[in-house]
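Please open the model in your viewer and keep the selection panel at hand.

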Amino acid sequence: MKTLDTITYSFSMMDNGAILLLLVYFLITLSDLECDYLNARECCSKLNWWTPWLLGGQTLLSVVLLFSGHWLLWLLNVPVLVWLVYRQWSVRPGNIGIYDPADILNGGQLQRHTRNTMVFITFYLIFFFVYLYL
């Protein structure tokens with residue numbers, strides 16, 4: 001049983017670290033858009049390509065925690081998974097993805113996406129250290 005916990009927490013820490021790196025990439029890309037180093041179409045196509053990987057990483061993490069019997073950690077990770085699935089499925093028809101070039105600059109979505117990314121970074125950073133401690 002101790003070996004299963006060690007494997008679960010090690011995998012969770014690595015998966016969480018990979019998601020953290022991906023979110024830092026999101027933040028850098030969004031800040032490049034804000035500073036006009038990237039155009040909106042290029043930025044949105046890069047971010048939309050990585051969004052399913054973010055969702056897949058969180059799904060895999062939740063499944064591992066569920067099947068290893070860590071109910072409390074699973075319950076704390078489920079709201080993030082639900083939010084990511086909701087975000088993915090609530091893309092309006094006509095948009096190219098969660099990040100749409102027309103909406104991100106004209107609709108004032110850039111600050112909202114940046115804020116959401118910072119909230120996710122904070123969540124995953126806290127849980128990275130939780131898994132490290134466990």
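Select Ile 19 to begin: is Ile 19 buried or exposed? Ile 19 is buried, at a relative accessible area of 3%; buried means under 20% relative accessible area, exposed over 50%, and partly exposed in between (1.4 Å probe, protein chains only). This is a predicted model, in which local features need pLDDT of at least 70 and side-chain atom pairs count only at pLDDT 80 or more, while totals for chains, interfaces and linings use all residues. Residues are numbered from 1 along each chain as its sequence is written, and side-chain values use heavy atoms, with hydrogens and water left out.

**Ile 19 and its surroundings**

Ile 19 belongs to helix 1, residues 2–34. Helices (H or I, at least four residues) and strands (E, at least two) are DSSP runs, numbered from the N terminus. Display the neighbours of Ile 19 next: with residues up to four places away in sequence not counted, Ile 19 touches Leu 54, Gly 57, Gln 58 and Tyr 124. Contact here means heavy atoms within 4.5 Å. A distance drawn from the C-alpha atom of Ile 19 to that of Asn 39, 20 residues apart along the chain, reads 25 Å.

**The whole chain**

Now zoom out and colour by secondary structure. The chain has five helices and zero strands, in the order α-α-α-α-α along the sequence. Its C-alpha atoms fill a box of roughly 55 × 30 × 20 Å, taken along the principal axes. Of the 134 residues in the chain, 39% are buried. Among contacts between residues at least 6 apart in sequence, 74% join residues at least 24 apart.

**The annotated spans**

Select residues 59–86 and then 117–133, which the unreviewed UniProt entry annotates as "transmembrane region". The UniProt positions are given in the numbering used here, feature names are shortened, and annotations may be inferred rather than shown by experiment. Residues 59–86 are 89% helix and 0% strand, with end C-alpha atoms 13 Å apart. Residues 117–133 are 100% helix and 0% strand, and their end C-alpha atoms lie 24 Å apart.

**Ser 68, between two helices**

Move to Ser 68, in the loop between helix 2 (40–67) and helix 3 (71–89). Ser 68 is buried, with a relative accessible area of 11%. Its side chain reaches the backbone oxygen of Val 64 at 2.9 Å. The side chain of Ser 68 also makes a polar contact with the side chain of His 70, at 2.7 Å. A polar contact is a pair of N or O atoms within 3.5 Å; within protein, one must be able to donate a hydrogen and the other to accept it, and residues adjacent in sequence count only if both atoms are side-chain atoms. Apart from neighbours within four places in sequence, Ser 68 is in contact with Leu 4 and Thr 8.

**The nonpolar core**

Which residues have the most contacts inside the largest nonpolar core? They are Leu 23, Leu 54, Leu 84, Tyr 99, Ile 104, Tyr 124 and Tyr 131, in a core of 31 residues. A nonpolar core is a set of buried Ala, Val, Leu, Ile, Met, Phe, Trp, Tyr and Cys residues joined through side-chain atoms within 4.5 Å. Helix 1, helix 2, helix 3 and helix 5 (109–133) each supply at least two residues of this core. Centre the view on Leu 84: neighbours within four places in sequence aside, Leu 84 is in contact with Leu 54, Leu 55, Gln 58, Phe 120 and Tyr 124.

**Aromatic pairs**

Show the aromatic rings next; the whole structure holds nine aromatic pairs. Rings of Phe, Tyr and Trp (its six-membered ring) pair if their centres lie within 6.5 Å; planes under 30 degrees apart count as stacked, over 60 as edge-to-face and the rest as tilted. Phe 123 and Tyr 124 form an edge-to-face pair, 5.2 Å centre to centre with 80° between the planes, and both residues are buried. Phe 128 and Phe 129 are likewise edge-to-face, at 5.6 Å and 85°. Phe 128 is partly exposed at 22% relative accessibility, and Phe 129 is partly exposed at 48%. Select Tyr 25, Trp 49, Trp 50 and Trp 53 together: ring pairs link them into a cluster.

**The cysteines**

Finish with the cysteine sulfurs. With a disulfide defined as a pair of cysteine sulfur atoms within 2.5 Å, the count is zero. For Cys 35, the nearest cysteine sulfur is that of Cys 43, 11 Å away; Cys 35 is partly exposed, at 47% relative accessibility. For Cys 44, the nearest cysteine sulfur is again that of Cys 43, 5.1 Å away; Cys 44 is buried, with a relative accessible area of 0%.
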